[in-house]
Amino acid sequence: MDFLVFQYPMITVQACLDGILLGVLFALIAYGMALQWGVMNIINIAQGDLVILGGYIAYFMYLYGIHPAWGVIVAPVIMYFVGIAIYKLVINKVVDRDLFISILATFGISILFMQLMNFAFGADVVLANSGYGTTMLFDSNVVLPNSKIFSAFISILFAVCLVIYMKKSKLGRAIRATAQNARAAKILGVDTEKVYAATFGINAALCGVAGALISITFTIHPYMGLPYTIRSFMIVIVAGLGNLPGVAMSGMGLGVFEEFADYILGTEFRIGSVFLLLVLILVYRRFKLSRKREYLK
Amino acid sequence: MRLNKIILSFVSALVILFSTSVASFAKVVGDKIILGAAISLTGKYSSNGVHTQNGYNMAVDRINSMGGVKVGGKTYKFDIIYYDDESNPKRAAQLAERLISQDGVEFMLGPYSSGLTKAIAPVTEKYGVPMVEANGASRSLFTKGYKYLFAVLAPANLYLDVAIETAVELNGGKPVRIAQAFEQDAFSQDVRLGILDAAERTGSKIIIDDKLPKELNDMAATLVKVKQMKPDVLVVSGHTKGALTAIRQIAEMKVDVPMLAMTHCDAAKLSKQHGKNSQYALCASQWHKSLTYKDDFFKDGMTYAADFEKEFGYDPPYQSAESSAALLVFKDAFERANSFDQKKVRDALAATNMQTFYGNIKFAPGGQNVDKPMVLFQVMCDASGSCENKVVAPLKWASAKLIHPIPKWSDR
C-alpha cells in the first residue's frame, strides 16, 4: 500500500486526467456493446478482439508509411464489413435464441479471432507511432501525451456523430424502433434483418476506431482483447442499455477508478480491481432488483 | 468371410504393435540421433518459439554437414521431432510425456520460456531423460535439485544486477535509489530478486517497486511516480510488451532518469519500433554478436550472425544463439560419453566444460551455466536516426563507452 497520492498532490490531478482520457476511449467501445445488446440482445465477447483487429489495420497502415491517425477513418470502414460478414455467418443464427447461446457463439468467435490474428500477424507486441508530442501542465508536473488527447477527442467526435445519426437518419430510427420492440417494428415494415446486420456492422466499426486509437496510444497484441470486452461489459452494466450519457460517465468513472487503483493498491491490482468492481456492481444490482420484485408482489 | 476378417484384424493388430515397438526404440535409428522438442509455434510465445526453432535447426544442419556426431567409432546425424505446445504449459507437459513414452525420444531439447520449461522439467526428470534447454532462465528451475536439466544460459537473477553495480560504481561507490517495475511471471520476478540482492549488497534503496499485470499496456502510473520521486535507476522487465510500453511512455511523458535498464530489448526490436526514443536504454542480453567467443562450428558471433541472416533473413536474437549452443553441448556430451546410455550422457553433460561461439559453458550442480556472464548493451543512435545495440558492460567486451547519465529530454 502506498499513499503517494497524498504525498504528491499533482499525482491526483494526473490520475484524474489520465483516467478521463482513457475512460472516454472505453466508453466508445462500451457504446458499441450497449447498442448491439439493446437491439439484438447479444453480449459480444468478441468485442475486444474486434478492437484489436482495428488496431492492426492502423498498424499496417503505419508500416506502409501512412500516418496511423488515418486508421480512424480506414479501420471503421473495413471493420464495418467484417462486422456484417460475422453477422451473416454466425450471429443471424443465434440472434433470436437464448442469451447464453449468443455468449457461447461470440466466445467462439473471440477464440477464432485471437488465433487467426496470431497466425496472420504473429505474436509480437506492436504499436504505431503517431509522433504527436506531449502537453505539459502545471510547471511540467502533469504530462499528457497528445496521442491520448487525440484519441479522447476522436472518441467523443465519433460518439456525437453516432448519436446524431441515430436520431436523424432513417436507419437510426429503424434501429431504435427495433430495440424498443422488434416484433412491432417488423409489423410496421422495418426490415429487422437488415437492422441487425447494420447494428453489428456499426458496432464493429466503432471497435475499429477504438482499435486504431489504442494502437496509437498503447500497444496491441492478438491476445489483448479480453480486458476491453470486460471493461465495456462493466460500463454497460453500470450505465444500463440505451443510456448514452450514462455510458460516457461510467466510462470515465471506470478510467479514473483504474488509475487510482493503480496508485493506491499497485499496478498489479489494476485489472483485478475492475473485476472486483464488476462483481460488486452485479451483486448490488441483483440486490436492488430482488427488492423491486418483492415490491411488485 | 468371417475368418478372413479375423485374420485381417489380427494382422493389422500385429502391424500396429510392430510399428509402435519400432517407434519406442526411436532414439537412435540407423545413423540418426533423434531429439525431441516441444516448441511454441503458435500462441503468445510463437515469435520467440520460432527464434528457438531456427536456432536448433541451424545447429543441426551445421553439425550434420560438418561430420555429425562420433559415438563408438560410428558417425551419427542429429534429427529433431518438434511438436507445437501452443504456448501452453499443460500442453507442453503432455507433449513431453508423448515424446518420451510414445515416440521413444531419450534426449530432449528445451521449449521457449521459463514457464514452459518448468512444466516440462518434472516429466523429463521422472523418465531420466537428459534435457539441454536454452530458454528457461528462472532461478526456480535450478533450486529443485533436478539431475537431468541443463541450461546453457545464465539464470534470470543475474540479468540486471550488473546494471545496479554499474550505477553504484558511477555514483562513486555510493548507494543509489532504484525504481523498479516487473511483470508478475516467473522470469520477471526472478530478475526482480536479482535486483533485490544487488540492492542489499550495495546498500541501495528501492523506492518504487511496482508489479505489472500480464495484460499490461499502460504503465503511466509507475512513470508518474518516477517523475515525482526522481530515482537514480529505473529497471523494467515485462517481456517485449514491457519494453515497448516503457519506451513509448517514457518518451511521451518525458520522464528523465539517469539510467534505464531493461530486458527483452532485442526481442522487442526496440530500435526498429521506437527509433531514437529508445536511445540510451540499457539492455540485458545473454549474448551479443560482437562477443569474441569461438568454436569450430560457427567460428564466432559475427560469422554466426551473418550465416543466420543468410538462412533466415533476420539478425539473430540471443534466443536463437543460445538454442544453437544447446546442440553443440549435446554433441560434445555424446562424444565424451561415447555411448547413448542416458545415465552416461547425463554425467557427460554434467562434466561439460567448453567454449562455444555463444559463450563458455560449464554447469553448476543445479544445472545452470555458471561460466558465462550476462552482457549489457546500450541503444545508441547516430544523427541520421539509425540505431544500434552496442555492448557497454562488462568492460572486457565493451565496444562502446556507456553514456551516463542519460541526457534530459529537454536537451535532446
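F182(B) stands opposite K211(B) in β9(B). The model is predicted: local features need pLDDT of at least 70, side-chain atom pairs count only at pLDDT 80 or more, and totals for chains, interfaces and linings use all residues. Residues are numbered from 1 along each chain as its sequence is written, while chains are lettered from A and ligands numbered from 1 in the order in which they are written.

**The sheet of chain B**

Strand β8 (residues 177–183) of chain B runs parallel to β9(B), and 7 bridges join them. Helices (H or I, at least four residues) and strands (E, at least two) are DSSP runs, numbered from the N terminus. Two strands pair if DSSP finds at least two bridges between them. Strands of a sheet pair through backbone hydrogen bonds, either parallel or antiparallel.

The sheet is open and has 7 strands, in the order β9-β8-β10-β11-β12-β17-β18 (chain B). Its pairing is mixed. At the edges are β9 (205–212) and β18 of chain B, each pairing on one side only. Neighbouring strands are turned by 25° against each other on average, direction ignored. Helix α6 (residues 186–202) of chain B packs on this sheet and touches β8, β9 and β10 (233–237) of chain B. The direction of α6(B) makes about 165° with that of β8(B). Axes here are lines fitted to C-alpha atoms, for helices over the stretch in contact, and angles run from 0 to 180 degrees between N-to-C directions. Contact requires C-beta atoms, placed from the backbone, within 7 Å.

**A helix pair in chain B**

The axes of α11(B) and α12(B) come within 8 Å and cross at roughly 120°. That makes α11(B) oblique to α12(B). Angles under 35 degrees count as roughly parallel, over 145 as roughly antiparallel, 65 to 115 as roughly perpendicular and the rest as oblique. In this contact, A333(B), F334(B), R336(B) and A337(B) of α11(B) meet K344(B), V345(B), A348(B) and L349(B) of α12(B). These residues divide into 6 nonpolar, no polar and 2 charged. Ala, Val, Leu, Ile, Met, Phe, Trp, Tyr, Cys and Pro count as nonpolar, Asp, Glu, Lys and Arg as charged, and the others, Gly among them, as polar.

**Backbone and loops**

Most residues other than glycine have a negative phi, and most peptide bonds are trans. Two asparagines have a positive phi.

A residue is buried if 20 or more other C-beta atoms lie within 10 Å of its own, exposed if 12 or fewer, and partly exposed in between.

The peptide bond from H404(B) to P405(B) is cis, with omega near -10°. P405(B) sits in the segment after β18 (387–393) of chain B.

D256(B) lies in the loop between α8 (239–252) and β11 (259–262) of chain B. D256(B) is partly exposed, because 16 C-beta neighbours lie inside 10 Å. Not counting residues up to four places away in sequence, D256(B) touches K408(B) and W409(B).

**Between the chains**

In chain A, 30 residues are in contact with 31 residues of chain B. The elements of chain A giving two or more residues to this side are α2, α5 (99–121), β2 (142–145), α11 (244–264) and α12 (270–296). The residues of that side divide into 15 nonpolar, 9 polar and 6 charged.

Definitions and conventions. Contact = placed C-beta atoms within 7 Å.
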